Amino acid sequence: IFSSLTSEFGLEEFKDDASKKFSYGIFANGLFCKRNEPVGVFVTQEQKFDGKKFNLTKECELSFTSNLPKIPATILLNVIKFFQDIQTKFSSEVYISIYWDKVKKDYFLFVPKQEVSGAAVNFENDYEMLNNPNIFIVADIHSHSSFGAFFSSTDIKDEVASRLFGVIGKVNTDNPELVFRASSNKQSIDLQINDIFDGTIDSLQDDSDYSINTEEQLTKITEIRIKKTYPIIKKGNAYNPNTIYADDYLEDYYQAHPYYDYGTK
């Protein structure tokens with residue numbers, strides 16, 4: 001059986017096939033897949049098993065290698081400024097995406113139509129852009145309002161594409177928190193800021209435009225307050241400070257419990 005598997009999968013290496021998007025390799029710590037996406041090359045684990053039983057010694061690790069130039073730090077600074085503008089106006093999270101233009105060989109920013117609140121953001125996919133063969137999304141980035149930067153359970157659930165993901169927290173301060181990673185097949189590789197962004201260049205092209213006009217983008221952003229009803233406390237029962245009762249707003253709960261997640265629909 002093992003010899004038949006090696007005819008389809010590389011042994012302690014990836015069996016690359018230029019005609020295929022995926023290549024596979026069997027290593028001492030399991031079966032791994034190398035996936036070549038426009039954003040970059042992702043190596044993820046398909047199955048974990050003890051390959052040492054087959055006298056394999058070389059192990060493989062999750063990894064990401066970009067196919068694109070590093071993103072000018074100007075973009076990151078503009079994203080943070082946009083997040084801060086929205087925080088000032090709505091005290092809410094907000095989402096933005098970084099695209100790559102294959103023709104211009106440059107990045108650009110896009111803000112889709114979205115509903116925002118202090119603890120969640122729900123955006124609408126722009127199918128015309130997603131189906132444009134000359135552009136593709138490089139990174140999904142959203143803010144965490146005044147709270148810290150971390151990948152919540154909702155964020156992890158939403159990471160279905162193979163690309164970069166970022167969260168920027170404490171945008172109401174002079175020192176926002178930032179976390180970024182590359183994800184594919186529900187597996188992620190943590191990245192440092194300098195793995196993604198280049199602070200030595202302002203733009204890739206002479207006519208690059210990475211600006212964000214917040215006032216123009218406000219037409220796409222709707223502030224919402226989400227109300228969720230919980231069982232009303234019964235007379236005689238002790239009040240539980242960790243329980244939300246009727247008419248309490250989720251935003252108020254999030255203020256005290258920053259790791260609480262909820263959807264917007």
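## Second largest pocket

In this predicted model, the second largest pocket has a volume of about 230 Å³. Its lining is made up of 16 residues. Nearest the centre of the pocket lie Glu37, Phe136, Ile137, Ser162 and Arg163.

Two elements, α3 (127–130) and β11 (135–143), each supply at least two residues of this lining. Strand β11 gives the most, with three residues. By class, the lining of the second largest pocket splits into ten nonpolar, four charged and two polar residues.

## Largest cavity

The structure holds one cavity of 30 Å³ or more. About 60 Å³ of space lies in the largest cavity.

Tyr95, Ser97, Tyr99, Phe110, Pro112, Phe123, Glu124, Asn125, Asp126, Leu130 and Ile137 form the lining of the largest cavity. Strand β7 (residues 95–101) provides the largest share of that lining, at three residues. Seven residues of the cavity lining are nonpolar, two are polar and two are charged.

## Chain overview

What secondary structure does the protein chain contain? There are seven helices and 16 strands. The chain has 265 residues, and 44% of them count as buried.

How many of the contacts between residues at least 6 apart in sequence join residues at least 24 apart? In the protein chain, the share is 58%. The accessible surface of the chain comes to about 15,100 Å². Carbon and sulfur atoms account for 48% of that surface.

## Cysteines

With a cut-off of 2.5 Å between cysteine sulfur atoms, the count of disulfides is zero.

Are Cys33 and Cys60 buried or exposed? Buried means under 20% relative accessible area. Cys33 has 3% relative accessibility, so Cys33 counts as buried. Cys60 has 11% relative accessibility, and therefore Cys60 counts as buried too.

Technical notes: Residues numbered from 1 in each chain as written. Predicted model: local features only at pLDDT ≥ 70, side-chain atom pairs only at ≥ 80, totals over all residues. Heavy atoms only, no water. 1 Å grid on protein atoms, 1.4 Å probe; cavity = no way out; pocket = protein on both sides within 12 Å on 5 of 7 lines; lining within 4 Å. Points joined across faces, edges and corners; volume = space filled by probe spheres on them. Helix = DSSP H or I, 4+ residues; strand = E, 2+ residues; numbered from the N terminus. Nonpolar A, V, L, I, M, F, W, Y, C, P; charged D, E, K, R; others polar. Buried < 20%, exposed > 50% of the residue type's maximum accessible area, 1.4 Å probe, protein only. Contact = heavy atoms within 4.5 Å. Areas by Shrake-Rupley, 256 points an atom, 1.4 Å probe, with all protein chains shown as cover.
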